[in-house]
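Please look over the sequence and the structure below.

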Amino acid sequence: MSAAEATSSAGAASAGRERERPQEPFKLVSPVLRASLLIGSGGGFLLAAILTVTQALHLAVAAWWSALVQAHGHLQLYGWAALFVIGVSFHFLPRLRGTALPLPRLVPWILGLQTGGLLLRALAQPLLTLTGPVPLLWRLALVVSGGSEGLALLLAAAEYLLLLRRGPALSTRKAFLGIAPFISLAALALTVAAILNLVNMLQAATQGGLAPQPGDDLNVSLGLFGFLISFALAVSAQSLPMYAGLEAFPRPILWPLAGGYGLGLLLFCLGLSLANGADVASAATTWPLRFLEGPGLLLMGGVIAGFVTIFISMMRRRGRLPAHVAALSPSPEALARSYRRHTAQQSQAYGPFVALIASAYLWAFFSALLLISAGLILLWGSPLPFSLDVPRHGLAMGFITLLICGIAPRMIPGFSGGKITSPRLVAATLWLGNLATILRVFPLLLASPLGSLWSGSSLLLNLLFALSGPSGLATVLCLACNLWPALRSRGGNN
């Protein structure tokens, strides 16, 4: 074994020596990942491009546009991002837990139900706002979509909850035990989201295709903050140190951080429910906003900021031989040179994936600061000077999407035994993804009262905003083209 391989093995051991047993064949989950990329490129991001261009051209006035916004958000959260996370987690979590996936036969059902429900919603919700000869058909399709998605999400949540219960004692699986609170939180969020989505679709079917508030806001919050962010933090703590060549994340602080984040999510969701859809900017003095949403945003933002601070500190030391590895080597200098050579080879093979991951964390930190600011402002009793859509898009596009774009080209080939198309496409996603996030977040921020000095530049802001959707679409197309050969590879032994 070469020194670089020994270093990689040591890094894997530092992330958890127990990841050596059952892992589902990659062919079981590769269709889920392919469906995620197709829904992202042909659905969620395509709708985002249409929506940003039409809004910039002041065409966003009809009911169909609002319905399309809600369908787009659902496709992005529960189609593109959630399916990708589900596919990856169903592959590596069983190995981390030391047991097989509890019910592997459910995976095709989860994929079929979720994909079918998403496609039905994307078609029926906008069409229901238009006058047509068969409106009853679209109403029925919307209800069926809610039931289909709800069942798929419940089955996925059941897989996670069964993984927590089955297998060796958790005390013997230190790596899994560390992230177990985040997995539990993600599963509970999926369960509530499944029920809420069905209720929303039942109400939308009777109200012309528009899901009522705050049901849609709560559903989005459960998908983003409850499921995706929870899993992102879990993957950050467990897998990224190994794939990015970092030292192990300090495990003792994981449970307190998970507890703080879970409490923040609970308060925030309760505030959304009790506020009954009141506009945050005009009703900031109501008690659910001040004493539930405010502390909730503070806690969630504080935990995310704390995670990012730790990881940025760890990533600054990347390229240096970890101290615990050097201590085990009879020749630390030679091993350090081999380690740097190994790091350079990783960059040549997989492109600037570490830079993508770093940029994702910077967007997470920026969004966390906005969440903290919003929480403090609400507690003070003042109206928010910016929309909560700013940190939401900062987290959804800047953190989650860029994190997937960064880790997937490094992780998926290891699962499948295949290769990515080109490391240059990783560089393309780095620039396009960050550009899309900048164009989406800052025009929205500058259009708020904070940007009143920019009021004379509204035409420029509209133009920049219009470009955000096509840039995001180009990002996910590059990712799909890059991962497709690895996803279709049959050469892996996993």
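A residue is called buried when its relative accessible area is under 20%, exposed when that area is over 50%, and partly exposed in between. The model described here is a predicted one.

Asp 389 has a relative accessible area of 33%, so Asp 389 is partly exposed. Arg 392 counts as buried because its relative accessibility is 11%. These two residues form a salt bridge. They are three residues apart in helix α14 (residues 389–416), which means that about one helical turn separates them.

Side chains of opposite charge can pair when their charged atoms come close. How many salt bridges does a search of the whole structure find? The search finds two, and the table lists them.

| Salt bridge | Distance between the closest N and O atoms |
|---|---|
| Arg 121 with Asp 216 | 3.7 Å |
| Arg 392 with Asp 389 | 3.6 Å |

Arg 121 and Asp 216 form a salt bridge. This pair links distant parts of the chain, as its members are 95 residues apart. Arg 121 is in helix α4 (residues 106–128), and Asp 216 is in helix α7 (residues 215–238). Are Arg 121 and Asp 216 buried or exposed? Both are buried.

Ser 89 counts as buried because its relative accessibility is 1%. A polar atom of the Ser 89 side chain lies 3.1 Å from the backbone oxygen of Ile 86. Leaving out residues up to four places away in sequence, Ser 89 touches Pro 94, Tyr 160 and Phe 231.

Key. Residues are numbered from 1 along each chain as its sequence is written. This is a predicted model: local features need pLDDT of at least 70, side-chain atom pairs count only at pLDDT 80 or more; totals for chains, interfaces and linings use all residues. Side-chain values use heavy atoms; hydrogens and water are left out. Buried means under 20% relative accessible area, exposed over 50%, partly exposed in between (1.4 Å probe, protein chains only). A polar contact is a pair of N or O atoms within 3.5 Å; within protein, one must be able to donate a hydrogen and the other to accept it, and residues adjacent in sequence count only if both atoms are side-chain atoms. Contact means heavy atoms within 4.5 Å. A salt bridge is a side-chain nitrogen of Lys or Arg within 4 Å of a carboxyl oxygen of Asp or Glu. Helices (H or I, at least four residues) and strands (E, at least two) are DSSP runs, numbered from the N terminus.
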